[in-house]
Amino acid sequence: MKNDFERDFNLGGSIERAVSGQYELKAGAVFQEAWKQTTKHFMSFSPAIVALIFVQLGIFYIALQLQLGDPSVILQAFQDPSLLNEQIFQAIFVANFSYEVVSAPVYAGISLMAMSHAAGLTTKPRHIAKGLQFTVPVIIATLFSLVLQGMVSMILPFLSMYLSLAFSQSILLICEKKIPPLQSLLLSLRAVNKKIFVLAGIYILLVLMFIVGAMFYGIGLIFVLPFFFHVKGILYREMFGIQLKIVATQDNNGSNDDSDHRNNDDNTPPPPRKDDKPNKNPEVFDA
């Protein structure tokens with residue numbers, strides 16, 4: 001006869017520590033760990049990144065087609081500036097807005113995968129679909145964030161960039177902590193403000209990496225995109241922490257024959273303890 005014993009624990013920071021600023025961030029350490037995670041999970045994580053890109057491009061194309069009829073008009077307009085008009089700019093703006101909102105659940109799934117890597121877990125490409133269960137709250141948070149950024153950008157463009165940084169952890173707060181959309185935006189803003197200069201420096205470096213990656217025909221983005229998500233996952237762990245659960249199976253003679261770590265969904269095994277046999281295939285959010 002076997003008995004299961006469960007114990008929850010928190011890896012990294014916590015909400016209380018995040019909003020009070022009691023967390024430490026070092027850009028060098030974050031980038032170093034993010035690069036290790038990127039190279040370690042590159043083959044399993046890259047297909048999810050590619051899937052996100054195709055989803056976003058598809059949504060962008062459909063949005064342009066619904067408004068302009070023939071999206072090739074945009075290419076013609078760039079070749080002949082005289083063809084540029086307000087309708088084209090409006091169509092591009094709406095298409096950009098649409099793909100960010102509609103693809104938000106897929107983006108959330110990739111963010112969860114990167115967060116799991118930051119917790120020492122492995123993932124599979126199919127785990128990108130785990131963000132779909134949070135579709136409604138994630139879309140609400142994304143919609144509110146984009147609308148607010150658009151409103152303040154008409155006053156000061158710099159404020160829009162600040163809000164983008166301030167709300168950067170809201171998606172993971174919704175998915176991992178089950179926090180309501182608007183509250184997640186507020187918590188993310190409060191926590192980011194405590195270390196605004198360090199976080200701003202980290203994101204400025206990420207922007208520079210995107211620019212450099214795009215310069216070489218976009219080839220560098222193959223590494224920059226997963227690196228970006230891993231940086232976000234590590235920042236989330238250090239700021240808000242990741243809830244995990246130990247599940248130990250004990251037989252009747254009192255010895256443990258199986259143990260793993262899981263998250264709140266009871267399906268996320270973390271890395272093995274030092275005194276346990278290594279789990280050679282831990283998975284996060286296993287369906």
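Let's start at Q37, which sits in helix α2, spanning residues 27-40. Helices here are DSSP runs of H or I with at least four residues, numbered from the N terminus. The model is a predicted one, in which local features need pLDDT of at least 70 and side-chain atom pairs count only at pLDDT 80 or more, while totals for chains, interfaces and linings use all residues. Residues are numbered from 1 along each chain as its sequence is written, and side-chain values use heavy atoms, with hydrogens and water left out.

Q37 counts as buried because its relative accessibility is 12%. For this label, buried means under 20% relative accessible area, exposed means over 50%, and partly exposed lies in between, using a 1.4 Å probe and protein chains only. Although Q37 and A114 are 77 residues apart along the chain, their C-alpha atoms are separated by 8.5 Å.

Move on to helix α3, residues 42-68, and you will find S46 there. S46 counts as buried because its relative accessibility is 15%. The side chain of S46 reaches back to the backbone oxygen of F42, at 2.6 Å. That falls under the heading of a polar contact, a pair of N or O atoms within 3.5 Å; within protein, one must be able to donate a hydrogen and the other to accept it, and residues adjacent in sequence count only if both atoms are side-chain atoms.

Next comes α5, a helix of 17 residues. From its first C-alpha to its last, α5 reaches 24 Å, close to the 24 Å expected at 1.5 Å a residue; the expected span is 1.5 Å times one less than the number of residues. Its buried residues are I88, A91, A95, S98 and V101. Looking down the axis of α5, you would see these buried residues fall within an arc of 160 degrees, so they line one face of the helix. That arc is taken from the directions that run from the helix axis to the C-beta atoms.

S103 is buried because its relative accessible area is 1%. Its C-alpha is 6.2 Å from that of Q56, a residue 47 positions away in sequence.

Now for the open space in the model. Rolling a probe the size of a water molecule over the atoms shows where empty space is left. On a 1 Å grid over the protein atoms alone, a pocket is an open set of points where a 1.4 Å probe fits, with protein on both sides within 12 Å along at least five of seven lines, and lining residues have an atom within 4 Å of a point. The largest pocket has a volume of about 1600 Å³, where grid points are joined across faces, edges and corners and the volume is the space filled by probe spheres set on the points. It is lined by 43 residues, and E100, Y107, Q149, S164 and F228 lie nearest its centre. Among the elements that give two or more residues to this lining are α3, α5 (86-102), α6 (104-118) and α7 (135-153). By class, the lining has 30 nonpolar, 11 polar and 2 charged residues. Here Ala, Val, Leu, Ile, Met, Phe, Trp, Tyr, Cys and Pro count as nonpolar, Asp, Glu, Lys and Arg as charged, and the others, Gly among them, as polar.

Helix α7 also holds G150, which counts as partly exposed because its relative accessibility is 28%. G150 and S160 are 10 residues apart in sequence and 6.9 Å apart in space, C-alpha to C-alpha.

K178 is found in the loop between α9 and α10, and its phi is near 60 degrees, a positive value in a residue other than glycine. K178 is partly exposed because its relative accessible area is 42%. Y217 lies in the loop between α11 and α12; its phi, near 55 degrees, is likewise positive in a residue other than glycine. Y217 is exposed, with a relative accessible area of 82%.
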